[in-house]
Amino acid sequence: MLFRNFKTVLSVFLLVLLFTSISFSSFSQKINYKIEFPAPQTHYTSVTIEVNEIKDKESIDFVMPVWAPGSYLIREFAKGLESVKSDSDIEKISKNVWRVKTNGKSSVKIMYDVYGFEHSVRTSFIDASHAALIPTSIFMYVDGMKNEQATLEIEKPNDWKTISTSLKNKDGKENIFEIPNYDILADSPIEIGNQEILEFEAAGVKHSVVMYGKGNYDEAKITKDMAKVVEAATKVWGENPAEDYKFLVHNSARGGGGLEHLNSTSLVVDRMSYGTQRGYLGFLGLVAHEYFHLWNVKRLRPFALTNYDYTQEQHTNLLWIFEGFTSYYDELLLTRAGFVDDNYYLNTLSGNISAAENKKGRHVQPVTEASFDAWIKAYRPNENSGNTTVSYYGQGSVYAAMLDLMIIESTDAKKNLDDVMRYLYNEYYKKQKRGYTDEEFQAAVGIIAGKPFKSFFDNVVYGTQVPDYATYLGYAGLKLMVSENTSKATLGIRTSESGGNLKVRSTERDGAAYKQGLNVNDEIIAADNFRVTSNGELAEILQYKGVGEEVVLLIARDGLLQTLTIKLEADDTKGYRIDKIDNPSKKQQKVYEKWFEKK
């Protein structure tokens with residue numbers, strides 16, 4: 001009995017060690033990484049990995065990840081590698097694994113070059129001015145040694161002055177960093193160059209805003225406002241686990257986007273967006289979204305992502321929570337932080353409902369299936385995706401709002417979705433040191449709300465039933481106004497224009513074009529014998545036609561001309577607007593106030 005208890009205690013300790021990435025003060029160096037930039041203008045970096053203290057091993061396998069956590073797509077990072085060699089015998093044994101023979105030696109090295117010239121938050125970009133590195137696209141790991149401590153040495157060009165990363169310096173050396181384990185390295189993007197660094201403190205944590213590239217931002221304003229976002233997010237969770245958090249911001253002509261990491265985030269921002277209200281709120285919303293991930297997915301995770309497997313997909317039904325709820329909060333937090341009023345948020349929610357309900361795929365794909373299939377559908381859309389899929393971001397955000405209202409109403413405005421998130425964080429991340437399952441999420445909602453909401457989960461979340469918006473919004477003294485435009489005649493297509501050519505980009509399921517044979521990639525040359533070269537010219541002809549009337553299209557399909565006669569159908573797109581009722585009850589007022597945390 002004592003032996004079994006000892007094994008149990010040992011197993012729990014090892015799981016805690018793995019999940020929380022504990023590092024000891026005596027920092028070993030069995031693995032040493034080094035990167036250099038001999039010619040950054042060519043978009044290459046050179047990597048060396050040395051493995052020491054090898055005992056009783058005939059070979060060492062070096063593995064290149066195929067995806068980056070937070071971005072659920074197999075990206076095949078090995079495609080960027082060149083000139084892979086070793087100081088020992090080496091053989092490539094699969095698409096992303098190289099085997100090095102030890103030949104009785106106690107240490108071996110692998111060396112390779114990486115080409116990085118894809119400008120996104122999920123990939124690495126290197127040029128003459130800087131390097132923005134996503135570690136999973138740069139660094140292999142040693143199979144069976146992911147949990148070993150290591151060091152990283154960065155040999156930067158002489159005219160690059162600064163290295164910015166959430167990794168900690170080793171022995172006070174500015175270019176050598178401690179790596180507690182590979183997961184920490186993988187989750188620590190690196191910016192190297194001459195970036196500007198702004199600093200602020202919020203929620204008791206030092207934050208750095210690492211600015212690469214010019215932009216029309218006001219330093220004092222953005223640090224003050226980002227601090228408000230941090231405080232609002234921290235209030236949801238009750239504590240802030242960050243240490244010297246870093247926002248790595250790439251100001252670009254083609255922003256934006258973001259990717260969350262354990263103690264930092266990478267953001268791409270339109271460099272001129274800070275100067276308009278819409279652009280600036282978009283920036284703060286992006287900051288709120290990625291910062292909320294500090295808790296929601298980087299620490300509190302789906303069970304399937306408790307430990308990362310960098311070699312294959314890790315499927316989960318729960319991305320609608322981890323991305324959708326984060327999208328919900330990134331909008332709500334701007335209201336709670338005082339950047340916009342509640343009417344602004346209600347307009348945003350109206351738009352989200354409109355986007356969700358007008359997508360044909362919402363009658364085909366449940367949001368849980370969209371989560372599971374992210375790897376093969378969300379990041380690989382085609383011309384038919386709108387007819388068959390939903391966004392776990394957008395749909396999840398709407399469902400989060402409805403769940404929030406349901407919880408507030410059922411607890412007489414004493415609890416809300418914040419309480420569910422805190423419960424999950426404390427129970428699964430802090431106490432059990434693991435991610436949670438679908439069933440455990442539903443159980444947590446039931447514990448906080450006092451009701452299981454089984455019908456909502458069964459029919460809406462795991463099915464394709466439309467939520468009872470009228471009831472849920474009614475809890476807060478709101479009503480959903482729905483408008484239809486069935487008198488408008490439409491082909492049911494989306495088009496693209498290029499060089500004076502008008503092509504069909506997609507057709508809506510069960511629309512006129514879909515049913516009557518107008519296809520994607522058809523070039524529309526003329527309508528009713530009038531030449532058309534743009535969507536505006538086609539729309540001008542269609543605006544004078546009624547539902548049931550016909551339009552004669554001259555098209556080119558695969559280089560061959562043909563004529564199609566299409567009977568126009570009614571536009572089934574609906575408009576959604578949330579209004580406040582005139583005389584809300586006291587309970588409705590309480591629900592509304594709790595929703596926005598007005599008290």
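**Helix α13 and the overall fold of the predicted model**

In helix α13 (residues 454–461), Phe 456, Phe 457, Val 460 and Val 461 are buried. Buried means under 20% relative accessible area, exposed over 50%, and partly exposed in between (1.4 Å probe, protein chains only). The four residues cover an arc of only 105° around the axis, so they sit on the same side of α13. The arc is that of the directions from the helix axis to the C-beta atoms. The cover over the buried residues of α13 includes α5 (319–322), α8 (367–372), α10 (394–410), α12 (438–449) and α14 (469–474). Contact means heavy atoms within 4.5 Å.

The model is predicted: local features need pLDDT of at least 70, side-chain atom pairs count only at pLDDT 80 or more, and totals for chains, interfaces and linings use all residues. Residues are numbered from 1 along each chain as its sequence is written, and side-chain values use heavy atoms, with hydrogens and water left out.

The chain holds 17 helices and 30 strands. Helices (H or I, at least four residues) and strands (E, at least two) are DSSP runs, numbered from the N terminus. The radius of gyration of the chain is 27 Å, close to the 25 Å that the globule rule gives for 599 residues, so the chain is as compact as a globular protein of that length. This radius is taken over C-alpha atoms, and the globule rule is 2.2 Å times the number of residues to the power 0.38. Along the principal axes, the C-alpha atoms fill a box of roughly 80 × 65 × 55 Å.

Of the 599 residues, 53% count as buried. Among contacts between residues at least 6 apart in sequence, 69% join residues at least 24 apart. The accessible surface of the chain comes to about 26300 Å², and 47% of this belongs to carbon and sulfur atoms. Accessible areas come from the Shrake-Rupley method with a 1.4 Å probe; for residues, only the protein chains shown count as cover. The chain has 70 positive and 79 negative charges, and their mean positions are 4 Å apart. Lys and Arg count as positive and Asp and Glu as negative, while His and the chain ends are not counted. A charge is placed at NZ of Lys, CZ of Arg, CG of Asp or CD of Glu.

Several loop residues were examined individually. Phe 77 is found in the loop between β3 (59–63) and β4 (81–86). At 7% relative accessibility, Phe 77 counts as buried. Residues up to four places away in sequence aside, Phe 77 touches Met 64, Pro 65, Val 66, Trp 67, Ala 68, Arg 122, Thr 123, Thr 136 and Ser 137. Phe 139 lies 62 residues from Phe 77 along the chain, and their C-alpha atoms are separated by 9.6 Å.

Gly 116 is placed in the loop between β7 (108–115) and β8 (125–126). Gly 116 is buried, with a relative accessible area of 4%. Its contacts, not counting residues up to four places away in sequence, are His 43, Ser 124, Phe 125 and Ile 126.

Most residues other than glycine have a negative phi. Ala 203, not a glycine, has a positive phi of about 55°. Ala 203 lies in the loop between β16 (196–202) and β17 (205–212) and, at 25% relative accessibility, counts as partly exposed. Val 297, also not a glycine, has a positive phi of about 120°. Val 297 is found in the loop between α4 (277–292) and α5. Val 297 is buried, with a relative accessible area of 3%.
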